Amino acid sequence: MPMPAIAVELQAPDIQPFRASNTGTDYVHTFDSGKPGPHALVNALTHGNEICGAIVVERLLREGLRPARGKLTLAFANIAAFERFDTSNPYASRFVDEDFNRVWTPATLDGPRNSVELRRARALRPFVEAADFLLDIHSMLEPSPPVMICGPLEKGIRFSFDVGVPEHIVSDTGHSNGTRMRDFGGFGDASSPKNALLVECGQHWERGAERVAWQTTWRFLKAVGVVEAGTADREIEKTVPAQRLIRVTEAVIANSPAFRFAKNFTGLEIIPRRGDVIAYDGEEPVRAPYDNCVLVMPVPNNVKTGLTAVRLGRLETR
């Protein structure tokens, strides 16, 4: 199915000035306050065409942000994919060989396979392992409201509410085809004090995605305490909607190349009644499994056989 023509409203930043770093790893910068505190990592470009995070990290580096306590690492991840970003074909540079955000297990990172993404993940692994807190900045293929992906653990849910944006929090168990950075190591361990969030800031290239990424980053930095509250408050919008938690119960996998949605869903629609048709997988209807079923990040224009077409969730009261 051809991809829709979506305007590229954001300009990809020039990150070349930040290739050389004080860590010895290209495009990864760590700053130590010299004072006790956590190590926070803000990561951009997990996918090469998700440029809102790159705009934020480039701006923080250019403006010389330094931590008031603890350490701050600012990183650009999949540089090879980003270098291929072209506004005339912006969908083409998500990754080079494989999804950078599906390789985050020790077995994969220590294993014999080789790819552009695995080589970069192995280079970033020491920084991910060293971080106490991670914010991984993403955006979405389809136009959809921003969401915070917090994983399945209560600590991730609490952290999302501490950050305070975006409005919608999604608690899920990840993807069947690989492990995300935000679920790696201590981030995915209930007994570890480490914590991680993945923010989906909206459609990849819409202007609002940059604003969501900027606001989320400053709120994250304030929440973990690596910047002075007053410094963060000068950047943070004060009036935001109350947050809502959506707990994913299952993923709908497209088993047929003829998978199609029953309506033009854009995400976070609520299907009111159990049994209502959401989509058709070939000729087989896909129905809501319960009342008030929330559709999380449907991909109507890029459904791939064997992969997730949409996740289904329940609204929870906190």
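**Figure 1. Aromatic pairs in the predicted model.** The structure holds 9 aromatic pairs, and the model in which they are found is a predicted one.

**Figure 2. The ring pair of Phe261 and Phe265.** The rings of Phe261 and Phe265 form an aromatic pair that is edge-to-face, at 6.2 Å centre to centre and with 85° between the planes. Phe261 has a relative accessible area of 13% and is buried, and Phe265, with a relative accessible area of 7%, is likewise buried.

**Figure 3. Arginine side chains over aromatic rings.** Arg66 lies over the face of Phe31, at 3.8 Å from the ring centre. In a second example, Arg314 lies over the face of Tyr290, where the distance from the ring centre is 3.7 Å.

**Figure 4. Nonpolar cores of the chain.** The largest nonpolar core has 51 residues, and those with the most contacts inside it are Phe76, Trp218, Phe220 and Leu221. Among the elements that give two or more residues to this core are the strands β2 (39-44), β3 (71-76), β4 (133-140) and β7 (195-203), together with the helices α1 (51-62), α5 (154-163) and α6 (207-224). Apart from this set, a second, separate core of 19 residues includes Ala75, Val103, Ala131 and Met181. In soluble globular proteins, nonpolar side chains tend to be buried together. Once residues up to four places away in sequence are set aside, Trp218 touches Leu60, Leu65, Val227, Thr231, Ala232, Glu235 and Ile236.

Figure 5. Thr30 is placed in strand β1 (residues 28-32) and, because its relative accessibility is 18%, counts as buried. Its side chain makes a polar contact with the side chain of Thr73, at 2.7 Å. When residues up to four places away in sequence are not counted, Thr30 touches Asn22, Thr23, His39, Leu72, Thr73 and Phe127.

Figure 6. Tyr27, in the segment before β1, has phi near 65°, a positive value in a residue other than glycine; with a relative accessible area of 4%, Tyr27 is buried. The peptide bond from Val165 to Pro166 is cis, with omega near -10°, and Pro166 lies in the loop between α5 and β6. Met297, placed in the loop between β13 (293-296) and β14 (308-316), also has a positive phi, near 50°, and is a residue other than glycine.

**Figure 7. The whole chain, as context for the close-up views.** The chain contains 7 helices and 14 strands, and its C-alpha atoms fill a box of roughly 60 × 40 × 40 Å along the principal axes. With 318 residues, a compact globule would have a radius of gyration near 20 Å, and the value of 19 Å for the chain agrees with this. Buried residues make up 54% of the 318 residues. Of the contacts in the chain with a separation of 6 or more, 69% are between residues 24 or more positions apart.

How values were computed:
Residues are numbered from 1 along each chain as its sequence is written. This is a predicted model: local features need pLDDT of at least 70, side-chain atom pairs count only at pLDDT 80 or more; totals for chains, interfaces and linings use all residues. Side-chain values use heavy atoms; hydrogens and water are left out. Helices (H or I, at least four residues) and strands (E, at least two) are DSSP runs, numbered from the N terminus. Buried means under 20% relative accessible area, exposed over 50%, partly exposed in between (1.4 Å probe, protein chains only). A polar contact is a pair of N or O atoms within 3.5 Å; within protein, one must be able to donate a hydrogen and the other to accept it, and residues adjacent in sequence count only if both atoms are side-chain atoms. Contact means heavy atoms within 4.5 Å. A nonpolar core is a set of buried Ala, Val, Leu, Ile, Met, Phe, Trp, Tyr and Cys residues joined through side-chain atoms within 4.5 Å. Rings of Phe, Tyr and Trp (its six-membered ring) pair if their centres lie within 6.5 Å; planes under 30 degrees apart count as stacked, over 60 as edge-to-face and the rest as tilted. A charge sits over a ring if NZ of Lys or CZ of Arg is within 6 Å of the ring centre and within 35 degrees of the ring normal. The radius of gyration is taken over C-alpha atoms; the globule rule is 2.2 Å times the number of residues to the power 0.38.
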